Amino acid sequence: MGLRAAIERKIKILEVHGDSALVIYQIRGDWEVRDLKLVKYRDLVAELVKEFYEVTFNYFPREENQLADALATLASMFKANRETEIMSIQMSIYETPAHCFSIEEESDRRPWFHDILEYIKNQRYPEQANENDKRTIRRMAIGFVLDGDILYKRGKDQVLLRCVDAVEARKILE
């Protein structure tokens, strides 16, 4: 249906993103199509692809593509047959990103990451830290990287996130 919609709109260069490894890899020809029911679909796609100058098929795991997940959920809500016309979904992409921010001042005027920075930089703990606090700081410090004087938190995807204090955060948001 997506390929037909693109053809109707006279699109000539198309990027297709899907969250089914089976479908994407079979259409790309990376995997062999063994199920006889799927051979007809692959052949139909091969015919439709001829209408484009260029088509690429990309696989994104569902957990990495929230938009595909939301669209799949929406699609599962509609019952369709050959006689039913499927209404297209209108989507808007805003030019300016929406920001949600919460900047909290520390009571001691130090940034939230001060103790971790001190430990990584100088192997020093806060004066009032007990053994449990020290163990917690050591464990937390594993997820941070110091580059010069700038501290970064390592994200789950290994992207480095810069640690900023309240003043810097306000400047960034402005």
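**Before starting**

The model is predicted, so local features require pLDDT of at least 70 and side-chain atom pairs count only at pLDDT 80 or more, while totals for chains, interfaces and linings use all residues. Residues are numbered from 1 along each chain as its sequence is written, and side-chain values use heavy atoms, with hydrogens and water left out.

**Whole chain**

Display the entire chain, coloured by secondary structure. It comprises seven helices and five strands; helices (H or I, at least four residues) and strands (E, at least two) are DSSP runs, numbered from the N terminus. In sequence order the pattern reads α-β-α-α-β-α-α-α-β-β-β-α.

Of the 174 residues, 19% are buried. Buried means under 20% relative accessible area, exposed over 50%, and partly exposed in between, with a 1.4 Å probe and protein chains only. Among contacts with a separation of 6 or more, 54% join residues 24 or more positions apart, a contact being heavy atoms within 4.5 Å.

**The sheet β3-β4-β5**

Select residues 144-147, 150-154 and 160-162. These three strands form an open antiparallel sheet in the order β3-β4-β5; two strands pair if DSSP finds at least two bridges between them. Strands β3 and β5 stand at the edges with a single partner strand each, so one side of each lacks a neighbour in the sheet. On average, neighbouring strands are turned by 35° against each other, direction ignored. For such angles, axes are lines fitted to C-alpha atoms, for helices over the stretch in contact, and angles run from 0 to 180 degrees between N-to-C directions.

The hairpin of β3 and β4 has two residues between the strands, and G148 takes a positive phi near 70°.

Move on to β4 and β5, an antiparallel pair with three bridges. Y152 has R162 of β5 as its bridge partner. Five residues separate the strands of this hairpin, and Q158 in the turn has a positive phi of about 70°.

Within α5, select K121. With a relative accessible area of 39%, K121 is partly exposed. Leaving aside residues up to four places away in sequence, K121 touches L146 and D149. A distance drawn from K121 to G148, C-alpha to C-alpha, gives 9.4 Å, although the two are 27 residues apart in sequence.

Turn to residues 21-28, helix α2, where V23 lies. The buried residues of this helix are A21, I24 and Q26. They pack against β1 (13-18), α3 (36-49) and β2 (54-59). Following α2, G29 has a positive phi near 90°.

Show the surface of L22, V23 and W31, which make a nonpolar patch of about 270 Å². Patches consist of residues with over 30% relative accessible area and no salt bridge, with like charges joined within 9 Å and nonpolar side chains (Val, Leu, Ile, Met, Phe, Trp, Tyr) within 5 Å. V23 is partly exposed at 41%.

**Salt bridges**

Finally, show the charged side chains. A salt bridge is a side-chain nitrogen of Lys or Arg within 4 Å of a carboxyl oxygen of Asp or Glu, and by this rule there are seven.

- R42 and D43: the closest N and O atoms are 3.1 Å apart. R42 is partly exposed at 32% relative accessibility, and D43 is partly exposed at 37%.
- E47 and K50: the N to O distance is 2.9 Å. E47 is partly exposed at 47%, whereas K50 is exposed at 60%.
- R124 and E118: the closest N and O atoms lie 3.0 Å apart. R124 is partly exposed at 47%, and E118 is partly exposed at 21%.

Definitions and conventions
Accessible areas come from the Shrake-Rupley method with a 1.4 Å probe; for residues, only the protein chains shown count as cover.
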